[in-house]
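Reader: I would like a close look at one part of this protein. Please keep it brisk.

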Amino acid sequence: MSEAPKSDQFNPQDDMSPEELEAAQAANEADAVQALAQLQGEMAALQTKNADLADQYLRAQADVQNARRRADEEITKARKFAVEAFAESLLPVTDSLEAGLAVQDATPQQIREGAEATLRQLKSALERNKVIEIAPAPGTKFDPHQHQAISMVPAPGQEPNTVVGVLQKGYTIADRVLRPALVTVSAPN
């Protein structure tokens with residue numbers, strides 16, 4: 001008869017009595033139950049945290065939608081009432097013109113003084129609203145972004161493509177050309 005090969009590994013259960021085996025199994029089961037209870041507690045905590053995060057996400061989404069809605073409403077109001085400040089600054093000009101027209105026996109000098117004062121009011125209102133004149137001085141380099149050349153004239157002593165005269169002032173609003181200045185430009189020699 002041949003003997004079964006002996007294993008070099010030590011198995012503690014081989015030397016244990018049935019009572020010790022039962023006690024070890026009970027201890028293992030108790031450890032497993034305790035580990036399961038711990039894992040279930042961790043899972044419940046993670047589920048609670050997940051629910052909190054989901055709630056926070058939904059609230060954040062609602063906040064973003066509300067902020068977008070408010071921003072859209074403000075943009076709509078800004079567009080609707082954008083000219084309000086501009087119109088308000090022109091009301092004194094209207095008042096001055098009406099007051100000047102109400103005077104029946106004004107002299108030409110008084111009419112001229114009233115017109116000049118009203119023009120100053122109008123220019124001031126335009127400047128407050130970022131409407132700036134484009135009135136290039138003679139000799140200024142022609143700028144096609146701000147000037148529109150109506151004609152080219154011979155101008156001895158001036159460089160070619162420089163402004164000789166302004167036929168009509170131009171205007172910008174917030175650095176954007178509203179109307180280019182109409183100018184005559186010096187011709188090449």
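In what order do the three strands of the open sheet lie, and what is the pairing?

Author: This is a predicted model. The strand order is S2-S6-S3, and the pairing is mixed. Strands S2 (147-153) and S3 (163-168) are the edges; each pairs on one side only. On average, neighbouring strands of this sheet are turned by 30° against each other, direction ignored. In general, strands of a sheet pair through backbone hydrogen bonds, either parallel or antiparallel. Here S3 and S6 (residues 181-186) run antiparallel and share four bridges. Take valine 166: its bridge partner in S6 is valine 183.

Now follow the chain past S3. Lysine 169 sits in the loop between S3 and strand S4 (170-173). The side chain of lysine 169 forms a salt bridge with glutamate 133, at 3.2 Å from N to O. Glutamate 133 belongs to strand S1, so this contact ties together parts that are 36 residues apart in sequence. Lysine 169 is partly exposed, with a relative accessible area of 32%.

Glutamate 133 has another partner. Lysine 123 also forms a salt bridge with glutamate 133, with the closest N and O atoms 3.4 Å apart. Lysine 123 lies in helix H3 (residues 108-128) and glutamate 133 in S1 (residues 131-134), so this pair links parts ten residues apart in sequence. Lysine 123 is partly exposed at 32% relative accessible area. Glutamate 133 is partly exposed too, at 33%. Through shared partners, the salt bridges join Lys123, Glu133 and Lys169 into one network. The structure holds five salt bridges.

Methods
Residues are numbered from 1 along each chain as its sequence is written. This is a predicted model: local features need pLDDT of at least 70, side-chain atom pairs count only at pLDDT 80 or more; totals for chains, interfaces and linings use all residues. Side-chain values use heavy atoms; hydrogens and water are left out. Two strands pair if DSSP finds at least two bridges between them. Helices (H or I, at least four residues) and strands (E, at least two) are DSSP runs, numbered from the N terminus. Axes are lines fitted to C-alpha atoms, for helices over the stretch in contact, and angles run from 0 to 180 degrees between N-to-C directions. A salt bridge is a side-chain nitrogen of Lys or Arg within 4 Å of a carboxyl oxygen of Asp or Glu. Buried means under 20% relative accessible area, exposed over 50%, partly exposed in between (1.4 Å probe, protein chains only).
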